[in-house]
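Thanks for coming. Please have the model open.

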Amino acid sequence: MTAATTVKTEYEAIIGLETHCQLSTNTKIFSNSSTAFGADPNTNIDPVCMGLPGVLPVLNEKVLEYAVKAGLALNCQIAKYSKFDRKQYFYPDLPKNYQISQYDLPIAEHGWLEIELVDADDKPIRKRIGVTRLHMEEDAGKLVHAGSDRLSGSSYSLVDYNRAGVPLVEIVSEPDLRSGEEAAEYAQELRRIMRYLGVSDGNMQEGSLRCDVNISVRPVGQQKFGVKVEIKNMNSFNAIQRAIDYEIERQIAAIEAGEPIIQETRLWEEGAQRTISMRVKEGSSDYRYFPEPDLSPIEVSQSQLEEWRGELPELPAQKRHRYESDLGLSAYDTRVLTEDRTVADYFEGVIVAGGNPKAAANWITQDIAAYLNKQKLSITEIALTPANLAEVISRIESGKISNAQAKQKLADLLSGISPEEAFAGQELITDPSVLEPIIDEAIAANPKELEKYRHGNTKLKGFFVGQVLKKTDKRADPQLTNELVEKKLNS
């Protein structure tokens with residue numbers, strides 16, 4: 001009789017993100033108040049964003065432009081006709097007791113973006129994530145809870161309406177994500193795109209980019225989704241990944257134990273590294289949407305659409321593909337170089353000036369990046385121009401200077417000293433007739449080391465090379481010096 005074996009159930013996660021992205025306009029979506037972050041509470045306000053009687057909203061044209069460009073960059077279909085709606089709900093940070101948003105006719109739908117992960121062999125793994133919709137709306141104010149960072153446990157709350165009326169686009173993904181790693185990469189790629197477009201700074205610490213995660217698990221092969229749980233209040237990509245990974249394990253453990261998964265909103269506790277229940281959702285909220293009566297519908301002409309499409313820059317995924325296929329760079333290099341548009345622009349400036357792409361990538365992603373991180377600078381703040389970096393690379397490749405010499409002078413180059421000044425009198429000695437007498441002198445001055453070498457201690461070749469480099473102030477060509485030293489030691 002064969003003992004029965006228990007087959008362990010495999011589960012998969014179904015994950016979707018709702019991302020609110022503040023647009024980098026100077027003024028609010030429906031009024032002229034400033035959108036500047038960090039002002040004193042309740043100073044960037046006006047009758048429109050406060051919902052005072054008798055005032056009318058007027059759409060900021062730049063908001064529409066930015067929303068359309070974001071939709072185009074996400075491969076969405078741009079609506080020829082869309083409208084604003086009133087979303088009714090009551091909360092202290094919403095002065096009008098409704099939010100102007102878009103409901104059934106959003107500005108953009110049916111798009112996608114590509115995420116890229118790298119495997120253990122530095123090979124790119126690419127996946128398309130669907131974008132259900134992108135719509136425009138106004139932000140709410142911000143509650144500040146005294147005595148606690150959230151409502152629970154606070155003694156009283158204050159409200160700052162500076163954020164009320166700041167323009168947002170909400171971007172809703174399809175439930176195509178399957179892990180915390182994929183979700184974090186999706187959010188990062190979304191931020192890269194917005195920054196490349198110049199429509200948002202994507203600063204999570206200031207609330208410019210905010211993500212809510214919807215997650216459920218189901219047995220592999222099952223078509224029906226599991227019970228969805230929402231996770232809020234994550235302020236970093238790393239937190240998004242860890243919160244999702246924790247929640248996947250929590251839900252699987254509950255199912256295996258025969259416990260029900262409750263449809264609820266949970267919070268990520270950074271200190272405890274866990275999610276906790278915030279509120280149970282009895283059902284979908286009834287926001288009583290209806291068309292916004294104070295704003296006319298939006299019609300984007302074909303000519304305007306094509307003009308905005310023509311202003312789109314080359315986006316991160318396009319650059320990654322081009323750097324790999326045309327320049328032969330690794331997946332790692334392309335990801336680092338395209339993370340920030342200013343870095344990519346700098347890199348391409350080096351290439352235009354004649355710099356070798358791989359060498360340029362190495363300098364930018366390694367030595368220059370280390371300097372920028374240490375000094376807390378951006379690449380736009382260094383004095384080393386792309387043309388000068390290309391000149392340094394050219395001098396190394398032509399044998400005029402060594403890589404070690406260039407690294408020694410990096411601080412000078414970054415401060416604005418030209419390659420001509422930095423390497424004056426520093427060119428490598430590549431003439432054997434100049435090097436040979438120096439090598440003969442080094443060998444003659446060290447007879448004991450010569451004897452040990454000829455009795456089998458061949459590692460001492462490095463000692464003699466070092467003596468030659470010392471005598472020439474490291475100007476001896478390293479490769480040629482190695483060859484000549486070995487030849488003379490063995491003669």
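Buried here means under 20% relative accessible area, exposed over 50%, and partly exposed in between, with a 1.4 Å probe and protein chains only. This is a predicted model, where local features need pLDDT of at least 70, side-chain atom pairs count only at pLDDT 80 or more, and totals for chains, interfaces and linings use all residues. Residues are numbered from 1 along each chain as its sequence is written, and side-chain values use heavy atoms, with hydrogens and water left out.

Helices (H or I, at least four residues) and strands (E, at least two) are DSSP runs, numbered from the N terminus. The buried set in helix 1 includes E65, Y66 and K69. At its N-terminal end the cap is N60, with a side-chain oxygen 3.0 Å from the backbone nitrogen of K62. After helix 1 comes N75, with a positive phi near 60°.

Helix 2, residues 180-197, has 15 of its 18 residues buried, so it too is largely enclosed by the rest of the structure. Next comes G198, again with a positive phi, near 80°.

Now the strand. R266 sits in strand 13, residues 264-269. Is R266 buried or exposed? Its relative accessibility is 9%, so R266 counts as buried. The R266 side chain reaches the backbone oxygen of T275 at 2.9 Å. Beyond its neighbours within four places in sequence, R266 has contacts (heavy atoms within 4.5 Å) that include E230, E247, R250 and T275.

Technical notes: A polar contact is a pair of N or O atoms within 3.5 Å; within protein, one must be able to donate a hydrogen and the other to accept it, and residues adjacent in sequence count only if both atoms are side-chain atoms.
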